[in-house]
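Hello,

Here is the structure we spoke about. Please open it before reading on; my notes follow below.

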Amino acid sequence: MLPSLKLRRILTIVRKELLVLFGNSASRVLIIVPPLAQIIIFGWAATLEVRNVHVVALNNDSGIWSREILHRIQGSPTFVSLRHIDDERQISPVIDNQEALFVIAFDEQFSRKVEKGEPAEVQVVLDGRRSNAAQIAVGYLNQIISGVAQATPSAAKIAASEYLPAMQAPKLDIRTRCWFNPNLEFRWFFLPNLIGMLSLMLGLVVTGLSVAREREVGTFDQLLVSPATPTEIALAKLVPGCLVGLAHGTIFLLITVFGFGVPFTGSVALLYVSMLVFALSAGGIGLMVSSLSSTQQQAFLGAFTVGVPCILISGAVTPVINMPMFLQHASQLNPMRHFTVICQGVFLKDISFYAAMVNLGKIALISVVAVSIAIWMFRRRA
């Protein structure tokens, strides 16, 4: 009888929290519209691929091989425009004014050297202000020049001065095969991670604002004099954030799979179990932030102060292995790092419950610790 009474008190507070959360139109709009807008905008706009590159060429060579390279640049979907200049003095203004990502220059002996089998030079002037895009674009240009080198009658070397390494026709038949993402689509990598990013921020914000709102409007003392204990109140505060996180996770899943065509190869049950445990950990962290905040503004800023670093060191945007060693160790305490691994696994690799058990166990452990500390902090402040 006593457990059922405690459960009834918790459910009553949960119902009250949901009515407050969705009771006015402004709150409903803030909970529903921004996350949906973000996943749609990120799906279309966020990419680390290099596209729509503008190229300028200085071609002092009248032979066939320089024109062949330029024709292939024009035919590549990466490069959207190719403009010609006639003087070396025009290179500096082009780069200074960001009219092109790089300028490619051929000397007057280029095709003759290629025909004779001698090393021919190609100069590429890059805009170093866009270092990452410039490096990727040069990689694409390497492939184009390598293809032309193999097509020449003498399989001549085409050496690029300063920027492109010397290349020659390969002696080995190298065939590249990419597992799990054959076409290297950035959306396939990023959109599953976005489910964790948005669910984390929602859990932090929804749970973080709950206690601060009670203090701000003066109803916190009324909760404390109710029959519910501080522990029951704290547990009830966690439930709405978990429900909102699961609801949005479902919507994000449908948009990712049916809207953007990202394949889902794994277990739906595994994804939802992971989302539930992850939502509990996010709610526990949000409740800790809320327990330290006196106003909703403080809670909102605190949620972003905690959430943004969690996203940055989770591996959802940049690989964890590229980070300093102390951040790699610190990211083990971040539930989103482990949830990101599970999301990528269920979407692209069809991982089993057994394969996900280590990461799922780490999320569960973080959830238990976060919720326990949050309840302790809540009771202490109460």
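How are α9 and α10 oriented to each other? This is a predicted model, so read what follows as computed from it. Helix α9 covers residues 230-259 and helix α10 covers residues 268-291. They pack at an angle of about 135°, and their axes are 8 Å apart. Roughly antiparallel would need an angle over 145 degrees. α9 and α10 are therefore oblique to each other. Their crossing is right-handed. On the α9 side, the contact is made by Ala-234, Lys-237, Leu-238, Cys-242, Leu-246, Gly-249, Thr-250 and Leu-253. On the α10 side, the residues include Leu-271, Tyr-272, Met-275, Leu-276 and Ala-279. Leu-280, Gly-283, Gly-284 and Leu-287 of α10 also take part.

α10 has another partner, helix α7. The axes of α7 and α10 come within 7 Å and cross at roughly 40°. α7 passes α10 in a right-handed crossing. From α7, the residues that meet α10 include Ile-195, Gly-196, Ser-199, Leu-200, Gly-203 and Leu-204. Thr-207, Gly-208, Ser-210, Val-211, Ala-212 and Arg-215 of α7 belong to this contact too. Their counterparts in α10 are Met-275, Phe-278, Ala-282, Gly-283, Ile-285, Gly-286, Leu-287, Ser-290 and Ser-291. Note Met-275, Gly-283 and Leu-287: these α10 residues meet α7, and they are also in the contact with α9.

Ala-370 brings in one more helix. Ala-370 lies in helix α14, residues 353-381. Is Ala-370 buried or exposed? Its relative accessible area is 6%, so Ala-370 is buried. Leaving aside neighbours within four places in sequence, Ala-370 is in contact with Ser-281, Gly-284, Ile-285 and Met-288. The C-alpha atoms of Ala-370 and Ile-285 are separated by 5.8 Å. Along the chain, those two residues are 85 residues apart.

Next, α2 and α7. Helix α2 (residues 25-45) packs against helix α7 (residues 186-217) at an angle of about 160°. Their axes are 10 Å apart. α2 and α7 are therefore roughly antiparallel to each other. This crossing is right-handed. In α2, the residues involved are Ile-31, Pro-35, Gln-38, Ile-39, Phe-42, Gly-43 and Trp-44. They meet Arg-187, Phe-190, Leu-191, Leu-194, Leu-198, Leu-202 and Val-206 in α7.

Leu-202 lies in helix α7. Leu-202 has 9% relative accessibility, so it counts as buried. Not counting residues up to four places away in sequence, Leu-202 touches Ile-31, Pro-35, Thr-207 and His-248. Its C-alpha atom is separated by 9.7 Å from that of Gly-307, 105 residues apart along the chain.

For helix α3 (residues 64-75), 12 residues at 1.5 Å a residue should span 16 Å. The end C-alpha atoms of α3 are 16 Å apart, which agrees. Which residues of α3 are buried? They are Trp-65, Ser-66, Ile-69, Leu-70 and Ile-73. Seen down the axis of α3, these buried residues fall within an arc of 140°, so they line one face of the helix.

Helix α13 (residues 335-349) has 15 residues and should span 21 Å. Its end C-alpha atoms are 20 Å apart, which agrees. α13 is mostly covered, with 12 of its 15 residues buried. Among them are Arg-337, His-338, Phe-339, Cys-343 and Phe-347.

Now the backbone. Most residues other than glycine have a negative phi. Asp-350 has a positive phi, near 55°, and is a residue other than glycine. Asp-350 is found in the loop between α13 and α14. At 48% relative accessibility, Asp-350 counts as partly exposed. Gln-98 also has a positive phi, of about 55°, although it is not a glycine. Gln-98 is found in the loop between α4 (91-96) and β3 (102-106).

Leu-7 is in helix α1, residues 2-22. Leu-7 is partly exposed, with a relative accessible area of 48%. Leu-7 and Ile-363 are 25 Å apart in space, C-alpha to C-alpha, and 356 residues apart in sequence.

Best wishes

Technical notes. Residues numbered from 1 in each chain as written. Predicted model: local features only at pLDDT ≥ 70, side-chain atom pairs only at ≥ 80, totals over all residues. Heavy atoms only, no water. Helix = DSSP H or I, 4+ residues; strand = E, 2+ residues; numbered from the N terminus. Expected span 1.5 Å × (residues − 1). Buried < 20%, exposed > 50% of the residue type's maximum accessible area, 1.4 Å probe, protein only. Arc of directions from axis to C-beta. Axes fitted to C-alpha atoms, helices over the stretch in contact; angles between N-to-C directions. Parallel < 35°, antiparallel > 145°, perpendicular 65-115°, else oblique. Left-handed = near helix turned anticlockwise from the far one by under 90°. Contact = heavy atoms within 4.5 Å.
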